[in-house]
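Hi,

Here's the structure I said I'd pass on.

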Amino acid sequence: TSPAWLYALYDFGPYSTNSNDVFVHNELTLGPWVNTLGLRAHYDDHRQEWEYLPHIGLLYHVSEKTSVRAKVAQAFRLATYSELHLFPAHNGELDPEEVWSYELGLTHAFAPWLSMSVNPFYMDVENVVQTLPNPTPPPGVLNVNSGEFTIRGVETGVDIRPAKGVNIALYYTFTDIEDPAGSGHANREEKPEHVFNGIVTLEQGKFRVS
């Protein structure tokens, strides 16, 4: 038998969750306009209620070299099994993470071998799962849902094709997160302010190396 303190930190009871999702997506092209409309309907037996998550997108080809786009979408993430039931920080009462995201985008090709993009974004976030000090230990930390906060930023990219079969993609993302003083920077955890990415792809016949 396991010691009593272990049962105090871990709940070893049986758990199962059934999730049901229905996805509807439509894309309609009218001349230079590309319209997308989608809906995800989600039901799980933990919350026992339906969640409806819309997605609306619009793309406009200004010219052969330039396009602009906009997107509004709602998303959510269920707490994982480990966040709910495992490890000392577990909390079986966690609500799903929810976010409304708003994006704009501009892409322009300066030449057949060079294109650039800029994509500002804004997100309204709620109930993010955070591991914070427990005011009534044990355990010392506890998984809790955050309050509501905002994330905003901009992603930029450069796509270079210096030769046939060679592609170089460079990206930079700046992210500003609402992070009130005294919060312990929990909102920013695992979300860096500056991110640089670079991908080089080489293609030869049927082979591709990145």
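The largest pocket has 16 residues in its lining, and those nearest its centre are Thr-17, Asp-44, His-46, Ala-79 and Leu-84. Keep in mind that this is a predicted model. The space in that pocket comes to about 240 Å³. Helix 2 (residues 81–85) provides the largest share of the lining, three residues. Sorted by class, the lining has seven nonpolar, six polar and three charged residues.

Then there's the second largest pocket, with about 200 Å³ of space. Its lining includes Glu-83, Val-128, Asn-143 and Lys-191. Here strand 7 (residues 129–133) gives the most, again three residues, and the classes split into three nonpolar, three polar and four charged.

Val-128 also turns up in the largest nonpolar core, together with Phe-121, Val-125, Phe-149, Ile-151 and Ile-177. Strand 6 (114–126) and strand 9 (149–163) each put at least two residues into this core. If you click on Phe-121, you'll see it touching Ile-151, and also Tyr-102, Arg-152 and Thr-173, among others.

Thr-173 leads on to the strands: its bridge partner in strand 11 is Val-195. Strand 10 (residues 166–177) and strand 11 (residues 194–204) pair antiparallel, over nine bridges. Strand 11 is also antiparallel to strand 12 (residues 207–209), with three bridges joining them; in one of these, Glu-203 partners Arg-208. Strands 11 and 12 form a hairpin with two residues between them, and Gly-205 in the turn has a positive phi of about 60°.

Cheers

Definitions and conventions: Residues numbered from 1 in each chain as written. Predicted model: local features only at pLDDT ≥ 70, side-chain atom pairs only at ≥ 80, totals over all residues. Heavy atoms only, no water. Core = buried A, V, L, I, M, F, W, Y, C linked by side-chain atoms within 4.5 Å. Buried < 20%, exposed > 50% of the residue type's maximum accessible area, 1.4 Å probe, protein only. Helix = DSSP H or I, 4+ residues; strand = E, 2+ residues; numbered from the N terminus. Contact = heavy atoms within 4.5 Å. Pairing = 2+ DSSP bridges. 1 Å grid on protein atoms, 1.4 Å probe; cavity = no way out; pocket = protein on both sides within 12 Å on 5 of 7 lines; lining within 4 Å. Points joined across faces, edges and corners; volume = space filled by probe spheres on them. Nonpolar A, V, L, I, M, F, W, Y, C, P; charged D, E, K, R; others polar. Lists of a residue's contacts leave out its neighbours within four places in sequence.
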